[in-house]
Amino acid sequence: MAVEPDGGDICVTVDGKTIELSREHAAELRDAVGDALTSREEFFRTAAEHREDGSYVVERRGAESTGNSAVFDSFAAVRRLFDRLPETFGAENLSAAGFTGSRRHMLVRHFAEHPAFPCTLASRNPLRGEKTETS
């Protein structure tokens, strides 16, 4: 991808295709891309935020304190964590990955709630997730 100013316009080249945009349309595109990169999703018991710096935050829905959140460098880091978990997993498996307290249970629930993870809750007591297809 390349972006070059061309007089009053901006030329954006992606995969060999160049589009010329006015500065106004380029600003609209920048805002739209920024909005797409920074978003918040809410699920039944958890929520997630894609931050502008690329980090991904999982938190208990409606929680006010940072004690109810887990910050990852990226969504890909969360995906790698999920991929390393056994087919059926619980809070103890997340302890081995360095998570403590209620964050472990929150992550089990997040994996089951988020559509990007092929997972369901296998049991509620004890709380266990189960992968539903090969990931």
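Predicted model: local features only at pLDDT ≥ 70, side-chain atom pairs only at ≥ 80, totals over all residues.
**Exercise 1.** Which residue forms a salt bridge with Arg-40 at 2.6 Å, and which parts of the chain does the pair tie together?

*Solution.* Step 1: the partner is Glu-59, with the closest N and O atoms 2.6 Å apart. Step 2: Arg-40 belongs to strand E4 (residues 39-42), while Glu-59 belongs to strand E6 (residues 56-60), so the pair ties together parts that are 19 residues apart in sequence. Step 3: Arg-40 has a relative accessible area of 40% and is partly exposed, whereas Glu-59, at 19%, counts as buried.

**Exercise 2.** Where in the chain do Glu-42 and Arg-61 lie?

*Solution.* Step 1: their side chains meet in a salt bridge, 3.0 Å from N to O. Step 2: Glu-42 is in strand E4, and Arg-61 is in the loop between E6 and strand E7 (69-72). Step 3: the pair links distant parts of the chain, 19 residues apart. Arg-61 counts as partly exposed, at 41% relative accessibility.

**Exercise 3.** Which residues do salt bridges with shared partners join into one network?

*Solution.* Step 1: Arg-40 forms a salt bridge with Glu-59. Step 2: Arg-40 also forms one with Glu-42, where the closest N and O atoms are 3.3 Å apart. Step 3: Glu-42 in turn meets Arg-61 in a salt bridge. Step 4: the network joins Arg-40, Glu-42, Glu-59 and Arg-61. The structure holds five salt bridges.

Key. Residues numbered from 1 in each chain as written. Heavy atoms only, no water. Salt bridge = Lys/Arg side-chain N within 4 Å of Asp/Glu carboxyl O. Buried < 20%, exposed > 50% of the residue type's maximum accessible area, 1.4 Å probe, protein only. Helix = DSSP H or I, 4+ residues; strand = E, 2+ residues; numbered from the N terminus.
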